Every structure is written in C-alpha cells, then in structure tokens.
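Dear colleague,

Please find the structure below, with its sequence.

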Amino acid sequence: MAFPETRLRRLRQSEILRQMVTETRVVASDLVMPLFVYAGTNVRNPIKSMPGNYQLSVENIVTECKRLVDMGIKSVLLFGIPEHKDADGTCATHDDAIVQRAIIAIKKEIKDIFIIADICNCEYTTHGHCGTIVDGDVHNDLTLVTLSKQAVSLARVGADMVAPSDMMDGRVGHMRQELDRAGYYNMPIMSYSAKYASAFYGPFRDAAESAPQFGNRATYQMNPANGDEAMREIELDIEEGADIVMVKPALSYLDVIRRTKDTFNIPVAAYNVSGEFSMVKAAAERGWIDENRITKEILTSIKRAGADIIITYHAQDIAKFL
Ligand code: PBG
C-alpha cells in the first residue's frame, strides 16, 4: 500500500513513539575503553592529539578503571608503553612487563571489570614494527612465537581476553594452541581479523609511541580497497579458533562490518580508532559540530552496521548520555 494510505511520518509524530520504534540502541555495555599504561609512577601525560586521553602509570590506571566502572564502562583494552624496547618485543612476554603489572594491580582493587589485553609487538620493538625483522620485513613465523608468549603471560596474570592486533598469518591458531597447552582453554580470543593499513591510526602511534621507524605496515595490514580479502581473513581466523572477530577502523569500513555480520555467525567487534575520535574532538573544539550528538550518531551507525562490541575512546564521554 502506498501513499496516501501509507505515511511513514505517522511513526515520527512524538518522542515517545519514536523511542518505541527505535531499531538500534547503543548501551554502555557495548563499549570498550582503550587505555595506555606507562612505565614509572605518578605519570599522567596528556596525549596531545587525543584530548581527554592520557598515558597513565599503573596506580593511575587503577584509579581510571574505577572511574570508568562507576560510570558503567566495565570493559577496558590495555596497551603498554614499556621502559625499554628491544628488537623483537621479548620485553612484553614476562609476567612483570608493563601491561602485566597493570592487570595485577587492577584485578587486586576492582572485582567488576573485564580486561582485554591487546597482543602486538609494535609498542615493544625499537623499530616500531609489529614483529621480528628479517631482511627488512616482519618475519611471520618468528613473530608468532613472541605473540603467543605475550598472550600466555597476560593470561597468567589475569587478563580476561586477549586481542591479537598484529595481522600475522596463523597467529590465532598458534595462540589458541599455546594458551590451551598452558591450561587457558577458556581464555577468549578477540582477533583484529580485518585490520587495514590505515592513516586513521596516526594519533594512536603518538599515544603508544609505536610508529614504525622505517617503511610502513603494508606487508601485513590490509589494503583499504579490499572487502573480499577481509572475508577471507575473518574466515581463517574463525577456523583457527577466534571467538570474536574485529573490523578496524570502523567508520570507513561500515560495509565490511555489515558483510561480516551477514556472512558469519560470530560476535563482531569494531574499533572506532584514534583518528576517527580525534577528528570529532578537533571539530568540536572549534564549535563546528555538536560533539555529543555526533558521537551518539557515529556509535549508533557502527552498531547498526552490525557491530556487537564497539571499542571507542568516546566511551568515557558518552556513557552518561546513553
Ligand atoms: C597495534 C595497534 C594499533 C592500533 C591498535 N593496535 C596501531 C597500528 O597498527 O599501528 C590502532 C588503534 C587506534 O588508532 O586507535 N598494532
């Protein structure tokens, strides 16, 4: 039945009715807040390109986590900036490494929190690449060894989930096997399955001090032009044992999120990355946009596209408006 019998404006007549027919709602429990743990004590370095975000030493991370949990954000994703970096990221594989120390401290103080540990080498290598360099490029299979060691150590100190973000081939299967061998068969893996070589990571690399010192990440992260390839990456990660798959970044890849949701029966995460966040903050600072409305619209669009979990630096600002 068409116009005039059908009038779609009928269901837009009042706020109460609009609320009743709302299809997509973002709630605080969808959101994960990324945090940066910094070596030392009493550190609270503002990250210039990411207003409201800080590099925090362990005791300050604990305070920050309490604040987030109190506002309903109960899940955090931890990145570490160590005191010393090395050639292959071995410094992140010990139980007293920076993120491990933070997890132990947070778990001691806070019961009702879910800690996701990012697994990668780029914050821990002197050259800033995500793995071990051989002949000028990241060597896939050698890198699997350090990644899995990092994951097992993070499981041992109490991480609730591990999230490999390196884009090596076979890392989910390798990590699953090593976690199981160590007895952590219930440790979920959220894989950064379709992670693109994106300019939207710029501000993050300031925050994590992880910019590559030569070349770029194009031999391991995906070409932004490719969607079919994302489906292959995701399919392989699921076969290897991923429990949750991720698409990253989010906004320029909403089509990939939707395809993932339509193609696979598995929880989907989307990472609303640093550059996406900083663009909103910069425009809001100039008074060019309404930050709260834009943020809500962005997060709603990511969820509408098919994401079950949204990792976002907006979490702390938007929680009270959801
Ligand atoms: C580590 C990693 C990166 C991000 C998350 N994990 C950076 C990169 O690949 O260079 C980016 C997150 C963001 O931009 O918010 N490999």
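Is Leu142 buried, partly exposed or exposed? With a relative accessible area of 43%, Leu142 is partly exposed (buried means under 20% relative accessible area, exposed over 50%, partly exposed in between, with a 1.4 Å probe and protein chains only).

This is a predicted model, in which local features need pLDDT of at least 70 and side-chain atom pairs count only at pLDDT 80 or more, while totals for chains, interfaces and linings use all residues. Residues are numbered from 1 along each chain as its sequence is written, and side-chain values use heavy atoms, with hydrogens and water left out.

Leu142 belongs to helix α4 (helices are DSSP runs of H or I with at least four residues, strands runs of E with at least two, numbered from the N terminus). Leaving aside neighbours within four places in sequence, Leu142 is in contact with Thr132 and Val134 (contact means heavy atoms within 4.5 Å). The C-alpha atoms of Leu142 and Met168 are separated by 10.0 Å, and the two residues lie 26 apart along the chain.

Among the buried residues of α4 are Leu144, Leu147, Ala151, Leu154 and Val157. Their cover includes α3, β5, β7 (137-138), β8 (161-164) and α5 (171-181). The end C-alpha atoms of α4 are 26 Å apart, which agrees with the 26 Å that its 18 residues should span at 1.5 Å a residue (the expected span is 1.5 Å times one less than the number of residues). Just after α4, Gly158 takes a positive phi of about 120°.

In α3, the buried residues are Ile98, Val99, Gln100, Ala102, Ile103 and Ile106. Elements covering them include β1, α2 (58-70), β4 (75-81), β5 (114-119) and α4.

The largest nonpolar core holds 78 residues, of which Leu78, Ile103, Ile106, Leu179, Ile257 and Ile302 touch the most other members (a nonpolar core is a set of buried Ala, Val, Leu, Ile, Met, Phe, Trp, Tyr and Cys residues joined through side-chain atoms within 4.5 Å). Helix α4 (residues 140-157) gives the most to this core, with seven residues. Apart from it lies another core, of 25 residues, including Phe79, Ile244, Tyr271 and Val273.

Not counting residues up to four places away in sequence, Leu78 touches Val99, Ile103 and Ile106, among others.

Finally, Val21 is found in the loop between α1 (15-20) and β1 (31-38). Val21 counts as partly exposed, at 39% relative accessibility.

With kind regards
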